[in-house]
Amino acid sequence: MQISLDSPASAPQPLSPYYSQVARIEHPDGSALLFVSGQIAEGATLAEQTRGVFETLAALLKAHGAGLADVVNIRTYLTDIGRLDEYGAVRREFLTGTPPTSMTFEAARLFRPEALVEVEVVAAVPAR
């Protein structure tokens, strides 16, 4: 097993230099697990921010040979759980297959005060 941490140059860069965006755990057979740090995005509305988050997640996964279809677990943090349906509608645009395991939390405040949503995922990459 080999572990690597990075912030791929081909994806949007992190908002802080104090964390890596992706932890890749490579197995001997070439398969891997990807742990992607929580992502936030700019936007005036929850829908805009959610789209930006999923676009960033897709770019980070792509840099590691994966896609949103490889997501097996998702954790979402919303500043207003009452807006879960609004978030879910956008999420379904991006996660179109069998839904991954999921947890959703309400958080009083996120990394940036203007952030309404933060999402982190785990993806399973099959052997090449």
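Predicted model: local features only at pLDDT ≥ 70, side-chain atom pairs only at ≥ 80, totals over all residues.
Residues are numbered from 1 along each chain as its sequence is written.

Helices (H or I, at least four residues) and strands (E, at least two) are DSSP runs, numbered from the N terminus. Two strands are paired if DSSP finds at least two bridges between them. The sheet is open and holds 6 strands, in the order S1-S2-S3-S6-S4-S5, with mixed pairing. Strand S1 (2-6) and strand S5 (101-106) are its edges, each pairing on one side only. From one strand to the next, the twist averages 10°. Axes are lines fitted to C-alpha atoms, for helices over the stretch in contact, and angles run from 0 to 180 degrees between N-to-C directions.

Strand S4 (residues 71-78) pairs with two neighbours. With strand S6 (residues 117-125), S4 runs antiparallel, and 7 bridges join the two. Asn73 stands opposite Val122 in S6, and Leu78 stands opposite Val117 in S6. With S5, S4 runs parallel, through 6 bridges. Here Ile74 has Ser102 as bridge partner, and Tyr77 has Phe105. In a regular strand, side chains alternate between the two sheet faces.

Contact means heavy atoms within 4.5 Å. H1 touches strand S2 (22-26), S3, S4 and S6, and its direction makes about 25° with that of S6. Helix H2 (residues 84-94) lies across S4, S5 and S6 and runs at about 145° to S4. S4, H2 and S5 form a right-handed β-α-β unit: with the strands pointing away from the viewer, the path from the first strand over the helix to the second runs clockwise.

Spaces were located on a 1 Å grid over the protein atoms alone. A cavity is a set of points where a 1.4 Å probe fits but cannot get out; a pocket is an open set with protein on both sides within 12 Å along at least five of seven lines; lining residues have an atom within 4 Å of a point. Points are joined across faces, edges and corners, and a volume is the space filled by probe spheres set on them.

The largest pocket has about 330 Å³ of space. Of its 18 lining residues, Gln13, Leu15, Gln39, Ile40 and Ala41 are the closest to the centre. Strand S3 (32-39) and helix H1 (46-62) each supply at least two lining residues. The lining has 7 nonpolar, 7 polar and 4 charged residues. Nonpolar covers Ala, Val, Leu, Ile, Met, Phe, Trp, Tyr, Cys and Pro; charged covers Asp, Glu, Lys and Arg; the others, Gly among them, are polar.

The count is 1 cavity of 30 Å³ or more. The largest cavity has a volume of about 30 Å³. Leu46, Leu78, Thr79, Asp80, Arg83 and Leu116 line this cavity.

Note on methods: Heavy atoms only, no water.
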